[in-house]
Amino acid sequence: MTRGRRLKFAGVVLASAVVAFVILLVIAHRPAIAPVERPDPRSFAPALVARGANLARIGNCVSCHQSEGGRPYAGGYPVKTPFGTIYGSNITPDPDAGIGHWSRAAFARAMREGVGRDGSHLYPAFPYTHYAGVTDGDVDALYAFLMTRPAVRATPPANDLIPPLDFRPLLAGWKLLFFQPTPIRADPSQSADWNRGRYLGETLAHCSACHSPRGLLQQEKRGDAAYDGGWSGGWYAPPINTRSPAVRAWTPQRLATYFRTGRSRDHAAAAGPMGPVTYNLARAEPADVRALATYYAWWMRDAPAAKVDLPLPDRRAPAERQHPAGARLYEGACATCHEPGAPMVVAGRPVLPLGTPLHEDNPRDTIQIILQGLRPPVEASGPYMPAYADALTDRQIAEIVAYLKARHGSGPAWHDVEKDVAKAREEGR
Ligand code: HEC
Ligand code: HEC
Ligand code: HEC
């Protein structure tokens with residue numbers, strides 16, 4: 001190319017970039033919605049507020065909108081993404097720090113379109129891709145519930161994202177690619193319970209936000225990949241479709257008990273990010289929890305669980321020969337609670353091979369449970385499992401995990417467990 005041509009070429013590239021940028025700003029532009037006086041809490045019917053309280057529990061709102069030691073809905077919880085940290089906003093009715101100046105229309109737009117009152121695009125760490133399907137009546141109820149909470153003057157930390165992703169107009173491009181809300185229509189071939197469960201599960205409960213895999217730009221993969229397993233806060237959310245690795249079938253009855261108590265006789269207690277989900281569901285309307293159980297048992301209806309022969313195999317002797325160090329550590333630290341015949345097991349807690357973690361296709365949940373321990377998420381009373389993060393090295397944890405996998409596990413072999421322990425420590429912080 002001659003110098004003149006090169007200059008011309010550079011000019012065209014630059015001009016195209018400017019045009020693309022202007023187009024982005026035009027597409028991205030959303031008007032602000034005028035502020036209103038903070039609505040009088042007494043103007044909302046108590047029944048509407050109660051309905052909103054139930055929906056907020058199903059929606060798990062408080063989990064992302066309360067910091068450790070902070071007040072409910074005052075924000076500040078760090079939502080970690082591969083691109084940095086986004087903090088849950090203050091959604092109490094404080095006029096300055098919260099959403100006290102937001103009209104019902106501004107709130108509805110945030111829930112359904114992911115746009116703030118001032119017109120700026122919100123990050124999909126706020127699961128509006130799911131909340132988009134919430135009905136008008138339910139948006140009203142959630143608005144009434146939030147506007148009647150105590151106002152808290154607290155400002156969450158500023159988001160910490162790698163540039164240029166901290167530039168909100170770029171989210172308009174993300175939405176063009178990945179955000180096509182489709183209304184949820186009732187399926188007349190299914191029961192009313194199933195349809196209610198689908199509505200709640202696919203919108204407010206946003207189960208798929210954790211239990212479906214994500215692509216490079218953090219978009220959820222649905223279609224054939226829906227509920228195929230995903231990641232959340234350094235934990236693995238296992239498949240809850242026909243690929244569920246659970247050893248015993250998740251029937252509607254067992255799922256309802258799990259959601260309402262955080263525990264199950266036939267499966268491990270809810271751990272990690274699933275703990276708050278059950279904590280909130282335990283306080284939601286029982287009929288709605290049953291509906292969710294009906295719907296998700298349907299997703300798992302053809303999982304292999306029902307086909308596993310019981311009693312479960314216990315390959316104790318070969319596992320001890322293969323992993324002597326892990327076996328000794330287990331005897332010292334874990335056996336008093338976990339061996340068949342231990343008081344906890346006699347009292348109805350599942351034996352280790354019944355828990356799904358040892359049957360998953362990666363060791364992450366088993367590792368996190370050992371690092372962080374397991375507290376019953378719903379009832380305060382024990383027994384609970386202590387955290388071993390400070391007591392055991394990465395190496396020791398990897399040895400115990402290898403022993404347990406060899407003794408009780410199924411599914412694909414786990415490799416590089418020690419490396420994964422280091423990663424789990426890092427991501428679970
Ligand atoms: C998985 C975490 C998560 C859950 C669950 C969640 N939110 Fe949020 N929410 C966020 C984050 C993060 C932001 C801030 C997004 C941003 O800065 O772009 C946010 C922002 C918002 C905003 C906009 C506030 C503002 O000042 O811009 C509203 C309104 C809101 N959430 C309401 C709710 C309600 C109602 C629920 C429950 C039905 C809920 N959220 C559940 C993470 C969550
Ligand atoms: C003080 C008792 C106690 C000790 C000691 C203990 N655990 Fe636990 N562990 C529990 C309780 C309680 C649960 C949750 C039980 C349930 O699912 O209801 C649990 C759950 C687990 C789970 C989840 C799967 C399942 O079946 O519930 C794994 C894996 C696990 N423990 C491994 C270990 C390992 C490895 C050690 C030793 C390093 C250990 N535990 C030590 C009490 C204990
Ligand atoms: C914030 C992320 C998150 C959300 C939201 C979430 N889950 Fe989970 N879930 C997890 C993780 C992580 C685990 C694995 C840890 C454990 O076993 O408790 C899990 C475990 C489970 C299990 C146990 C699987 C097994 O075989 O042991 C079931 C069932 C389940 N989730 C169903 C649901 C349903 C239904 C919803 C929506 C109502 C939901 N989850 C919402 C993260 C989440």
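Let's start with a contact: a backbone N or O atom of Ala 269 lies 2.7 Å from an oxygen atom of ligand 2. That is a polar contact, meaning a pair of N or O atoms within 3.5 Å. This is a predicted model, where local features need pLDDT of at least 70, side-chain atom pairs count only at pLDDT 80 or more, and totals for chains, interfaces and linings use all residues. Residues are numbered from 1 along each chain as its sequence is written, and side-chain values use heavy atoms, without hydrogens and water.

Two more contacts. The side chain of Arg 349 has an N or O atom 3.0 Å from an oxygen atom of ligand 2. The side chain of His 338 has one 2.8 Å from a nitrogen atom of ligand 2.

Now the iron. Which protein residues are donors to the iron atom of ligand 2? They are His 338, through NE2, and Met 385, through SD, at 2.0 to 2.2 Å. Donors are N, O and S atoms within 2.8 Å of the metal (3.2 Å for Na, K and Ca); water is not among the atoms, so sites may look incomplete.

Next, the geometry. Ideal octahedral angles are 90 or 180 degrees.

Is His 338 buried or exposed? It is buried, because its relative accessibility is 17%. Buried means under 20% relative accessible area, exposed over 50%, partly exposed in between (1.4 Å probe, protein chains only).

Technical notes: Chains are lettered from A and ligands numbered from 1 in the order in which they are written. A polar contact is a pair of N or O atoms within 3.5 Å; within protein, one must be able to donate a hydrogen and the other to accept it, and residues adjacent in sequence count only if both atoms are side-chain atoms.
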